[in-house]
Amino acid sequence: MAEKFDHLEEHLEKFVENIRQLGIIVSDFQPSSQAGLNQKLNFIVTGLQDIDKCRQQLHDITVPLEVFEYIDQGRNPQLYTKECLERALAKNEQVKGKIDTMKKFKSLLIQELSKVFPEDMAKYQASEGKTTLPPNHTRPLSEDPPRPAELVVALRPL
């Protein structure tokens, strides 16, 4: 796959160099340089044909439009990848926080429902394959769940 890109890169470099030389010829045009101008124009046409042949080899590659926007803005296109990864990590952390909060909420809800509806919760926990807590079970101080106010703050959208 890399040789396809190398081949395309080589053709693009030749094309850019021919365009640069054409600009020099045109900026200081003399009637005697018409033959050189015609030759450069032919090289440019040939270069575009070579680039088009490379396009057929790379038809399965897609580039996000945002990358071209970065280039148009004069920014490094590699920053696009970096920023995408940073956004993905931030979203991952946000979702993980929501999952953790929901697990804490579920645990607290089950504990509170077990106090109010012990028989029903025993049936529920049995159907879920979990062991049931005795109705008079008390939780050690080290396992205090978050208070409802903390859950409300944690569940509030960012």
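Tutor: Start with Y70. Y70 is buried, because its relative accessible area is 9% and the cut-off for buried is under 20%. Remember that this is a predicted model. Y80 is buried too, with a relative accessible area of 15%.

Now take the two rings together. A pair of aromatic rings is described by the distance of the centres and the angle of the planes. The ring centres of Y70 and Y80 are 5.7 Å apart. That counts as a pair, because the limit is within 6.5 Å. The planes of Y70 and Y80 meet at 80°, so this pair is edge-to-face. An angle over 60 degrees is what that label requires. The count of aromatic pairs comes to one.

Where do the partners Y70 and Y80 sit? Y70 belongs to helix 3, residues 65-72. Y80 belongs to helix 4, residues 78-116. The pair therefore ties together parts that are 10 residues apart in sequence.

Y70 has another neighbour. R75 lies over the face of the Y70 ring, at 4.1 Å from the ring centre.

Follow helix 4 onward. Helix 4 packs against helix 5, residues 118-127, at an angle of about 135°. Their axes are 6 Å apart. That angle makes helix 4 oblique to helix 5. On the helix 4 side, the contact includes I110, L113 and V116. On the helix 5 side, P118, M121, Y124 and Q125 take part.

How confident is the predictor? Helix 4 has the highest mean pLDDT among the elements, at 94. For the protein, the mean pLDDT is 82.

Terms used:
Residues numbered from 1 in each chain as written. Predicted model: local features only at pLDDT ≥ 70, side-chain atom pairs only at ≥ 80, totals over all residues. Heavy atoms only, no water. Phe/Tyr/Trp six-rings, centres within 6.5 Å; stacked < 30°, edge-to-face > 60°. Helix = DSSP H or I, 4+ residues; strand = E, 2+ residues; numbered from the N terminus. Buried < 20%, exposed > 50% of the residue type's maximum accessible area, 1.4 Å probe, protein only. Lys NZ or Arg CZ within 6 Å of the ring centre and 35° of its normal. pLDDT = per-residue confidence, 0-100. Axes fitted to C-alpha atoms, helices over the stretch in contact; angles between N-to-C directions. Parallel < 35°, antiparallel > 145°, perpendicular 65-115°, else oblique. Contact = heavy atoms within 4.5 Å.
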